[in-house]
Amino acid sequence: MINRSSGRRHALAGMLALALAGCTVTRAQGQGPTTGSGDNSSFSEAGVEHIETERRAVVDLSMALTADDLGADGGTLRDVDVRGEDPIEVVVRGTGGELVLHAEVIRVLVAPGDRQVESIALFESHSDGDALVTRVEEVAGQVGLDRARVDSFAAAARDGRADTWLNGGDHLGFTVGLHPVLRPGEAPVLEHQLTPPD
């Protein structure tokens with residue numbers, strides 16, 4: 001459950017600003033479709049508005065994706081950013097199953113030349129360190145992350161501080177990396193880095 005207190009929102013905003021430092025938000029130049037190819041949601045201007053209204057997005061990572069598959073239609077893609085509001089339910093489908101996340105920020109990274117989607121970053125906040133550990137353990141088991149690394153993270157989190165990368169989970173047919181961040185006085189944040197197959 002998302003803690004809605006003003007202090008927590010400001011702490012989350014600060015954490016996400018740090019995580020997105022050096023990144024620019026790209027915006028489509030007009031109204032595009034609200035769906036991409038297949039079952040994919042669109043991350044065009046109109047598509048993001050639709051996602052924010054419906055509070056749901058779908059991304060199919062069962063194969064390589066291009067920007068146009070996510071509604072770019074030759075243009076750029078826009079980030080979803082609903083910090084301070086109810087998160088977006090994101091359903092990510094792969095050849096080995098699906099992962100359901102509740103993200104406040106969704107950012108698609110596209111290669112400049114061939115317009116291939118290189119990765120999708122999703123950020124979710126948690127009420128406390130215990131909730132963060134529980135969520136990391138849940139996702140790690142589902143996607144096949146190394147158990148020893150997850151246990152090491154959990155031990156650090158019990159001491160009230162953790163900031164690590166857990167990479168390489170590929171049980172769902174796409175690669176998942178997790179970046180849990182827990183710092184005293186700040187809302188815990190979990191970044192999911194999803195990489196489509198080649």
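Which residues in α3 meet which residues in α4? The close-ups below, all taken from a predicted model, begin with that contact.

**Figure 1. Helix α3 packs against helix α4.** From α3 (residues 129-143), the residues Leu132, Val133, Val136, Glu137 and Ala140 meet Arg147, Val150, Phe153, Ala154 and Ala157 in α4. Two packed helices are described by the angle between their axes and the distance between the axes. Here α3 and α4 (residues 147-158) pack at an angle of about 175°, and their axes are 10 Å apart. Because an angle over 145 degrees counts as roughly antiparallel, α3 is roughly antiparallel to α4.

**Figure 2. The largest nonpolar core holds 44 residues.** Look for Phe43, Leu99, Ile106, Ile120 and Leu194, the residues that touch the most other members. Helix α3 supplies the largest share of this core, with 6 residues.

**Figure 3. Leu99 and the residues it touches.** Leaving aside residues up to four places away in sequence, Leu99 touches Val90, Val91 and Val92, along with Val139, Gln142 and Val143. Leu172, Phe174 and Leu194 complete the set. Leu194 is also listed with Leu99 among the residues that touch the most other members of the core.

**Figure 4. Three strands form an open sheet in the order β1-β3-β4.** The pairing in this sheet is mixed. β1 (56-60) and β4 (97-103) stand at the edges with a single partner strand each, so one side of each is left without a neighbour in the sheet. Direction ignored, neighbouring strands are turned by 20° against each other on average. Zoom in on β3 (residues 88-94) and β4, and you will find them paired in the antiparallel sense over 7 bridges. Within this view, Val90 stands opposite Leu101 in β4.

**Figure 5. Arg55 and Asp73 have positive phi values.** Arg55 is found in the loop between α2 (45-54) and β1, and its phi is near 65°. With a relative accessibility of 23%, Arg55 counts as partly exposed. Asp73 is found in the loop between β1 and β2 (80-81), and has a phi near 50°. Its relative accessible area is 69%, so Asp73 is exposed.

Note on methods
Residues are numbered from 1 along each chain as its sequence is written. This is a predicted model: local features need pLDDT of at least 70, side-chain atom pairs count only at pLDDT 80 or more; totals for chains, interfaces and linings use all residues. Side-chain values use heavy atoms; hydrogens and water are left out. A nonpolar core is a set of buried Ala, Val, Leu, Ile, Met, Phe, Trp, Tyr and Cys residues joined through side-chain atoms within 4.5 Å. Buried means under 20% relative accessible area, exposed over 50%, partly exposed in between (1.4 Å probe, protein chains only). Helices (H or I, at least four residues) and strands (E, at least two) are DSSP runs, numbered from the N terminus. Contact means heavy atoms within 4.5 Å. Axes are lines fitted to C-alpha atoms, for helices over the stretch in contact, and angles run from 0 to 180 degrees between N-to-C directions. Angles under 35 degrees count as roughly parallel, over 145 as roughly antiparallel, 65 to 115 as roughly perpendicular and the rest as oblique. Two strands pair if DSSP finds at least two bridges between them.
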